[in-house]
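Visitor: Could you walk me through what I am about to see?
Guide: Gladly; here it is.

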Amino acid sequence: MRIIFYHPTDNAAVWIDGLRQRFPDADIRLWREDVDLPADYAVVWHPPRAMLAGRPGLKGVFALGAGVDALMDQVRLHPDMLPANVPLMRLEDTGMAQQMIEYTVAAVLRYYRRLDEYALQQSLREWRELALPARETFLVGIAGAGVLGGKTAMAVRAMGFPVRCWTRRAKVIPGVASFAGREGLDAFLNGVQVLVNLLPNTPQTTGILNAALFARLNRGAYIINIARGAHMVEDDLLAALAQGQIAAATLDVCRQEPPPRDHPFWTAPRITLTPHIAATTLPSQAMDSIADNIRRIETGQTPLGLVDRLRGY
Ligand code: NAP
Ligand code: GLV
């Protein structure tokens, strides 16, 4: 078995060694344009076109993340990167759900417990209690309740907050109200105090966090975007913050990462930026999952995390 690997930034040795431990008899190599060897499987993150193009015999491509939007964008431009017969798999959870839960709970509690306002009071040497909003009115809406959003919804619900989710098809998650499809979007947004975005970036969802959507939320709502920067119409967010329609936003992702040094998000007082770390890929768990999937393919079983090319996620 021959496996080629490419990641633009990660330490390749960790992955190559880890895959060799899992498949001691396989030929596992870092892909380089000048060493373009035949392969059965490709393990990739943001691969160059030359790595995948012209390999109709690949038995599978494994993306090293949950979101495959960048690869799908490339494939739309260069279909030869992923012939229709080559399955594309993404990571399902592999330790990311727990990270998403932690990030979301931290941000929701920060807003619910008014910690930013206390920080401001401290800077003014002011010792004053602020009223807490009624918990049952602090409605958390989770857009995208798949592998990561579903578990995040349950964790926020377990803290006693009312939670609802929005998906393509209706969901059954205990204690979480389900809204589905474009026709369910307005009803989903109505009354939401904290909107958490965990949608995949697809042609249907790009730019979904825009002025029209913000206007449907409660006045003074909060936004937590932990999915993709392309979901956000950034000027609309700045305008909604200036108007008070949005009280504050926590953004783990931006349209350009990192944002240019003069980008207003760096200094906007009610925007919190983190460098796309809400849920990172954990190599050991990811490789266990990829190894399991390779064994599935080799034994004629359907792999897990298969991407539906038409849906784009
Ligand atoms: P997933 O399991 O595929 O879940 C996606 C969810 O979005 C599903 O519930 C799906 O609905 C819903 N959805 C998709 N298109 C929709 C549409 N047009 N309208 C309404 N709902 C729609 O994905 P996941 O594993 O949870 O990951 C979600 C995203 O998180 C990834 O795509 C990635 O962009 C992002 N992410 C970010 C980080 C980070 O560090 N910031 C880390 C990992 C992942 P159905 O259930 O009905 O199909
Ligand atoms: C990270 O953003 C991922 O999609 O896994």
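Guide: A residue is near a molecule if one of its heavy atoms lies within 4 Å of it. By that rule 30 residues surround ligand 1, and the closest are Arg90, Val147, Arg169, Lys171 and Tyr313. This is a predicted model, in which local features need pLDDT of at least 70, side-chain atom pairs count only at pLDDT 80 or more, and totals for chains, interfaces and linings use all residues. Residues are numbered from 1 along each chain as its sequence is written, chains are lettered from A and ligands numbered from 1 in the order in which they are written, and side-chain values use heavy atoms, with hydrogens and water left out.

Visitor: What makes Tyr313 a polar contact of ligand 1?
Guide: A polar contact is a pair of N or O atoms within 3.5 Å. A polar side-chain atom of Tyr313 lies 2.6 Å from an oxygen atom of ligand 1, so the pair meets the definition.

Visitor: How much of ligand 1 does the protein cover?
Guide: The protein covers 94% of the 940 Å² of accessible area that ligand 1 has on its own, by the Shrake-Rupley method with a 1.4 Å probe.

Visitor: Why is ligand 1 said to lie between domain 1 and domain 2?
Guide: Both domain 1 (2-94 + 281-298) and domain 2 (96-273) give residues to its shell, so ligand 1 lies between them. The domain bounds come from an automatic or database domain assignment.

Visitor: Which residues are around ligand 2?
Guide: They are Trp45, Gly65, Ala66, Gly67, Met96, Arg228 and His276. A polar side-chain atom of His276 lies 2.6 Å from an oxygen atom of ligand 2.

Technical notes
A polar contact is a pair of N or O atoms within 3.5 Å; within protein, one must be able to donate a hydrogen and the other to accept it, and residues adjacent in sequence count only if both atoms are side-chain atoms.
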